[in-house]
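Here is a short briefing to read with the model open beside you.

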Amino acid sequence: MSGLNSLTGAYVPGSSVLHRLPAGVKLAALAAACTTLVLLRTPAALAVAAAVTAALYALSRVGVAAAWAQVRPVRWFAVALFGMQLVFAGLDGAISTTLRVVLAVALAGLVTLTTRTADMMRTLEWCLSPVRFVGLDPFRLSLLLSLTVRSVPVVAGLAARVREAQRARGVERSLRAFAVPLVVSSLRHADALGEALSARGLDD
C-alpha cells in the first residue's frame, strides 16, 4: 500500500508532532475544526482561527511552498465568493464566509501533507468497515475517497498550466482554448492513474 502515496497524496515526509499523530486523530480534529469554523461568527474570531492554522503549518514544518499549494487552487473561487458575499451579506459577512472556506481547505491540506496515504486509507477503511454487511469493499471505498480528494488539486494544477499556456498564445479569453486542453489533460491523467492502479491489481 505504500506505493499509493505517489498516486493519491501530497504527503511531505517529516518528524513533527503533526506527522506523528495517528491519522484517525487528525481526521477527527479536522471534522471538529471545520465544525468550529462554521460556528465562528465574526471576522475577529476567524482571524484567530487563521493565526492558529498558520501556527499549525509552522509546527508541521512542511514549508511555505507546500502550504501555498493547498490554498492556491481556490484563490479565484475565494475572490469570487468574497465579491458575491460583499453584495448580499456586507463586508463582515464576506470576510467571514471567505475565511471559513479558505481555512477549511488549508486545514484539510495540512492533514494531507502530514499523513501518509496508506495511513489515511487504513483509517478510512476501518471507519467504513460496516459497509461489508451490504456487500461493499471498505478498502476500495477508502481508495475512492482518497482519489477524489487528491483529484481536486491535481485538476486545479492542470487548469493553472492551461491558463499559462493560453496567456503565452494570447488566447486567454477563449473558452474553447481553455476547456479542450483541460479535458484532454484530465483524461490523460485519469488514464495514467488507471494504468498505475491496474498494475497494482485494482483494475476492477
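Thr112 has its place in helix H6, where helices are DSSP runs of H or I with at least four residues, strands are runs of E with at least two, and both are numbered from the N terminus. Thr112 is buried, with a relative accessible area of 18%; buried means under 20%, exposed means over 50%, and partly exposed is what falls in between, using a 1.4 Å probe and protein chains only. Keep in mind that this is a predicted model, in which local features need pLDDT of at least 70, side-chain atom pairs count only at pLDDT 80 or more, and totals for chains, interfaces and linings use all residues. Residues are numbered from 1 along each chain as its sequence is written, and side-chain values use heavy atoms, with hydrogens and water left out.

**Thr112 and its partners**

- Thr112 and Ala10 sit 102 residues apart in sequence, yet 6.3 Å apart in space, C-alpha to C-alpha.
- If you skip neighbours within four places in sequence, Thr112 is in contact with Ala10, Tyr11 and Met120, where contact means heavy atoms within 4.5 Å.

- Thr115 is found in the loop between H6 and H7.
- Is Thr115 buried or exposed? Thr115 counts as buried, at 3% relative accessibility.
- Thr115 and His19 are 96 residues apart along the chain, but their C-alpha atoms are separated by 6.3 Å.
- Leaving out neighbours within four places in sequence, Thr115 is in contact with Tyr11, Ala23, Lys26 and Met120.

**The whole chain**

- What does the secondary structure of the protein chain come to? You'll count 9 helices and 0 strands.
- Follow the sequence along and the pattern reads α-α-α-α-α-α-α-α-α.
- The protein chain has 204 residues, and 33% of them count as buried.
- Take the contacts between residues at least 6 apart in sequence: 68% of these join residues at least 24 apart.
- The chain exposes about 12,000 Å², with carbon and sulfur atoms supplying 68% of it; accessible areas come from the Shrake-Rupley method with a 1.4 Å probe, and for residues only the protein chains shown count as cover.

**H3 against H6**

- The axes of helix H3 (residues 23-39) and H6 come within 10 Å and cross at roughly 175 degrees. Axes here are lines fitted to C-alpha atoms, for helices over the stretch in contact, and angles run from 0 to 180 degrees between N-to-C directions.
- That makes H3 roughly antiparallel to H6; angles under 35 degrees count as roughly parallel, over 145 as roughly antiparallel, 65 to 115 as roughly perpendicular, and the rest as oblique.
- On the H3 side, the contact is made by Lys26, Leu27, Leu30, Ala33, Cys34, Leu37 and Val38. H6 brings Arg100, Leu103, Ala104, Leu107, Ala108, Val111 and Thr114.
- Sorted by class, this contact of H3 with H6 has 11 nonpolar, 1 polar and 2 charged residues. Ala, Val, Leu, Ile, Met, Phe, Trp, Tyr, Cys and Pro count as nonpolar, Asp, Glu, Lys and Arg as charged, and the others, Gly among them, as polar.

**H3 against H7**

- H3 also packs with helix H7 (residues 117-127), at an angle of about 75 degrees and with the axes 9 Å apart.
- H3 is therefore roughly perpendicular to H7.
- The contact is made by Ala23, Gly24 and Leu27 of H3, together with Asp119, Met120, Thr123 and Leu124 of H7.
- By class, the contact of H3 with H7 has 4 nonpolar, 2 polar and 1 charged residues.

**H5 against H6**

- Helix H5 (residues 64-71) and helix H6 (residues 75-114) pack at an angle of about 130 degrees, with their axes 7 Å apart.
- H5 and H6 are therefore oblique to each other.
- H5 supplies Ala66, Trp68, Gln70 and Val71 to the contact, and H6 supplies Arg75, Val102, Val105, Ala106, Gly109 and Leu113.
- The residues of the contact of H5 with H6 divide into 7 nonpolar, 2 polar and 1 charged.

- Ser60 belongs to helix H4 (residues 43-60), and Ser60 is buried, with a relative accessible area of 2%.
- Not counting residues up to four places away in sequence, Ser60 touches Ser16, Leu18, His19, Leu110 and Thr114.
- Arg61 lies in the loop between H4 and H5, and Arg61 is exposed, with a relative accessible area of 57%.
- Arg61 has a positive phi of about 55 degrees, although Arg61 is not a glycine.
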